[in-house]
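Hello,

Here is the structure I promised to pass on. Please open it first, then read my notes below.

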Amino acid sequence: SGKYFGEAALVSEESKRTATCTTCMETVLLTMSREDFKKVFDHNPEALADVELKLAGKNAGIRAVLHHPLALQEFTKFLESQIALESLLCWEEVVRFRKFYNYNMSEDGSIQQEEGKKRKEVNEMAREIVEKFVKVGSEQEVNIPDSMRKSVIRAVETGEIYEDVFFAMEIEIVGLMRNDKLSTFRTTPGFRKVLDTVGNYEDMDANIKKSIKTLTRRSSMALRSAGRGSMNRSGTHQRKSTTKSGQMPKIAETSESISTLEDKSIEEKAAD
């Protein structure tokens with residue numbers, strides 16, 4: 001129970017059927033159209049991780065690793081063995097901060113409930129991230145550009161703490177993990193264990209490869225830039241203009257720069 005099949009046909013309109021399923025008992029099945037399948041990934045990129053690992057296999061991108069429970073567990077063990085865990089720990093804390101912020105803040109930047117208490121918690125979480133990962137000489141200092149480091153510290157210390165305060169830093173550290181560690185991790189027994197668990201397809205036709213590229217770029221990293229503004233590559237905070245109602249417009253999708261973090265080998269294979 002809880003398994004699925006037929007996802008290859010949903011990923012590619014022109015692919016051939018790759019499997020036949022026969023039930024040996026009375027079974028209840030739920031179906032999903034291709035349109036609904038793609039909508040799920042548009043609004044919940046984490047859902048693509050299992051499918052991408054199954055279809056892309058050894059060419060899966062960093063997003064699939066970070067958002068799949070078993071893959072993340074094995075990646076954590078790998079980084080521990082490399083004495084290079086700080087970027088992953090920082091990423092996890094930043095994601096936790098963003099989820100907490102989104103849950104407790106309304107679109108116009110005001111606190112939805114228990115205003116003083118929630119604002120205090122948001123500020124404290126941001127300060128803890130800066131103290132632990134951002135300041136020079138901190139306990140788990142991450143490798144980010146100095147201009148970005150100063151910009152993040154300044155924003156937090158001056159109280160300019162919004163959902164996107166760590167946006168640029170998150171892009172940077174995910175890029176570091178992708179460029180420095182992902183290719184080696186994909187050669188480890190731990191990653192092979194992940195592929196064996198999800199049931200990897202060793203051979204994909206060209207249509208499926210091209211469709212994986214499309215889904216990858218549409219779904220991106222599940223980062224959201226919302227509220228008061230977004231941060232550019234250098235980490236500078238950019239405020240967005242308000243709507244007529246006075247609320248800050250919410251950006252539905254991520255910037256193109258995040259899409260470039262996807263593993264290039266997927267795109268190269270898709271282009272073959």
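Start at Phe 97. Setting aside neighbours within four places in sequence, Phe 97 is in contact with Val 122, Met 125, Ala 126, Ile 129, Ile 161, Tyr 162, Glu 163, Val 165 and Phe 166. Keep in mind that this is a predicted model.

Phe 97 also belongs to the largest nonpolar core, which has 52 residues. Phe 75, Phe 97 and Phe 166 have the most contacts inside that core. H6 gives the largest share, eight residues.

Now look at H3, residues 48-56. This helix is mostly covered, with eight of its nine residues buried. The buried ones are Leu 48, Ala 49, Val 51, Glu 52, Leu 53, Lys 54, Leu 55 and Ala 56. Just after H3, Gly 57 takes a positive phi of about 60°.

H3 packs against H10 (residues 189-198). Their axes are 9 Å apart, at an angle of about 100°. The two helices are therefore roughly perpendicular to each other. H3 brings Asp 50, Leu 53 and Lys 54 to the contact. H10 brings Phe 191, Val 194, Leu 195 and Val 198. By class, that makes five nonpolar, two charged and no polar residues.

Over to you.

Best wishes

Key
Residues numbered from 1 in each chain as written. Predicted model: local features only at pLDDT ≥ 70, side-chain atom pairs only at ≥ 80, totals over all residues. Heavy atoms only, no water. Axes fitted to C-alpha atoms, helices over the stretch in contact; angles between N-to-C directions. Helix = DSSP H or I, 4+ residues; strand = E, 2+ residues; numbered from the N terminus. Parallel < 35°, antiparallel > 145°, perpendicular 65-115°, else oblique. Contact = heavy atoms within 4.5 Å. Nonpolar A, V, L, I, M, F, W, Y, C, P; charged D, E, K, R; others polar. Core = buried A, V, L, I, M, F, W, Y, C linked by side-chain atoms within 4.5 Å. Buried < 20%, exposed > 50% of the residue type's maximum accessible area, 1.4 Å probe, protein only.
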